[in-house]
Amino acid sequence: MFGVQKVIALFLSLAVVIAGVAPATLQNQLTKKTGSKWLQITDNNYRDIMGGARDYHLVLMMTTDLTMINCVLCQEFKPAFSLMADSWFQDHPTGVSGGDNNDIKDVFFGYTDFANSRALFSEFGLQSIPKVFYFPPTNSKLPSNYLKSYTEYPFYQGDHVELLKNWVSENTGQTFNVYVPLNYNLIIFNAVMTFVVLVSVYLFSAKLKKLIASKFLWCALSLIAVLLFTCGSMFNRIRNTPFVKETENGPQYFAPGQQAQYGIETQLISFLYGVLSLCVILLVKKLPQLSDGKVQLLGSAIVCAIVLFAYSMLLNIFSVKSQGYPYRLAI
């Protein structure tokens, strides 16, 4: 009988020790099993981690990897959350040391998937995912106090890592360092490509010199650059203009006024400018080199007709954008 009492006492002592495990030790035990630096929260353990009194901060991401749900933002935000958890664990592998200041608490990052936490998702009554919640330390011993005291992360456009870092730091009062891991695949790829380029330059240096010194190449590049910068391509990218505008009378291809334009308008103007540039080059450079006078005359007439038509199109487009413009050419 005495031996049984000793065994019971031993088990009670172990229970007290386990109950008094520091949060950092709990995190170490969980991360050793999963290999990640966040707490894998499921329906089997969420009440033990989130319920009752907590002497640590908890940041929880509620999401899913299920293909049938196809949550794009979940996949986009998950790497930022993982990076924050890994960076915090790298600076505090055994938790923070509060010393004499009881206000300094540890920070845990939790992750839960809908497939493994249907009961938890149901308790919060979520209508959309992902969700990121912050649960502050509490002295409340109620098993579901996490439903009454939490802060939800607002998803904004921008750098997810920087936004999440500022939000967690503001709520926890802790300073966070973010350590972006090296992308060895990208480093190897850049090294291989650099080697290939250097070898190619060495083997084909003579041909490259001729190509770089080519007047035709620089003429073509200059012409393309002029067309891109004068036809409004950059304007469209900055203003994020639509390709066309749908109206009650059908699609509108040209925006009225000189302060707006659509994507198709830029393409049409670029095409007309390109045609006119090509016609000028033919008239100045190529047609005078023809030896047959009749062919030269016919070619000149055709090119001039194309110039007349293209320039007439430009004047018509300008008159559409500038109401009251009186001039026309051929059409």
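**Entry 1**

I looked up Glu123 and found it partly exposed, because its relative accessibility is 28%. I use "buried" for under 20% relative accessible area, "exposed" for over 50% and "partly exposed" for in between, with a 1.4 Å probe and protein chains only. This is a predicted model, where local features need pLDDT of at least 70 and side-chain atom pairs count only at pLDDT 80 or more, while totals for chains, interfaces and linings use all residues. Residues are numbered from 1 along each chain as its sequence is written, and side-chain values use heavy atoms, with hydrogens and water left out.

Which residue forms a salt bridge with Glu123? I found Arg47, with the closest N and O atoms 2.7 Å apart. A salt bridge here is a side-chain nitrogen of Lys or Arg within 4 Å of a carboxyl oxygen of Asp or Glu. Glu123 lies in helix α5 (residues 118–124) and Arg47 in helix α3 (residues 46–50), so the pair ties together parts that are 76 residues apart in sequence. I noted that helices (H or I, at least four residues) and strands (E, at least two) are DSSP runs, numbered from the N terminus. Arg47 is partly exposed, since its relative accessible area is 45%.

**Entry 2: the other salt bridges**

I searched the whole structure and it gave three salt bridges. Side chains of opposite charge can pair when their charged atoms come close.

Asp65 forms one with Lys78, and the closest N and O atoms are 3.2 Å apart. This pair links distant parts of the chain, 13 residues apart: Asp65 is in the loop between β2 (56–63) and α4 (72–91), and Lys78 is in helix α4. I read a relative accessible area of 36% for Asp65, so this residue is partly exposed. Lys78 also counts as partly exposed, at 23% relative accessibility.

Lys131 and Glu152 meet in a salt bridge too, at 2.9 Å from N to O. Here Lys131 sits in strand β4 (residues 131–135) and Glu152 in strand β5 (residues 151–152), 21 residues apart. Is Lys131 buried or exposed? I found it buried, because its relative accessibility is 16%. Glu152 is partly exposed at 38%.

**Entry 3: aromatic rings**

Next I turned to the rings. I counted pairs of Phe, Tyr and Trp rings (six-membered ring for Trp) with centres within 6.5 Å, calling planes under 30 degrees apart stacked, over 60 edge-to-face and the rest tilted. The count comes to 17 aromatic pairs. One of them is Phe114 with Phe121, edge-to-face at 5.3 Å centre to centre and 80 degrees between the planes. Phe114 is partly exposed at 24%, whereas Phe121 is buried at 7%.

For Phe124 and Phe135 I noted centres 6.2 Å apart and planes at 65 degrees, so this pair is edge-to-face. Phe124 lies in helix α5 and Phe135 in strand β4, so the pair ties together parts 11 residues apart in sequence. Both residues are buried. Phe124 and Phe135 also belong to one aromatic cluster with Tyr46, Phe133, Tyr146 and Tyr150.

**Entry 4: helix α12**

I finished with α12 (residues 293–321). Its 29 residues should span 42 Å at 1.5 Å a residue, and the end C-alpha atoms are 42 Å apart, which agrees. The expected span is 1.5 Å times one less than the number of residues. Among the buried residues of α12 are Gly299, Val303 and Leu314. The buried residues of α12 pack against α11 (263–286), where contact means heavy atoms within 4.5 Å.
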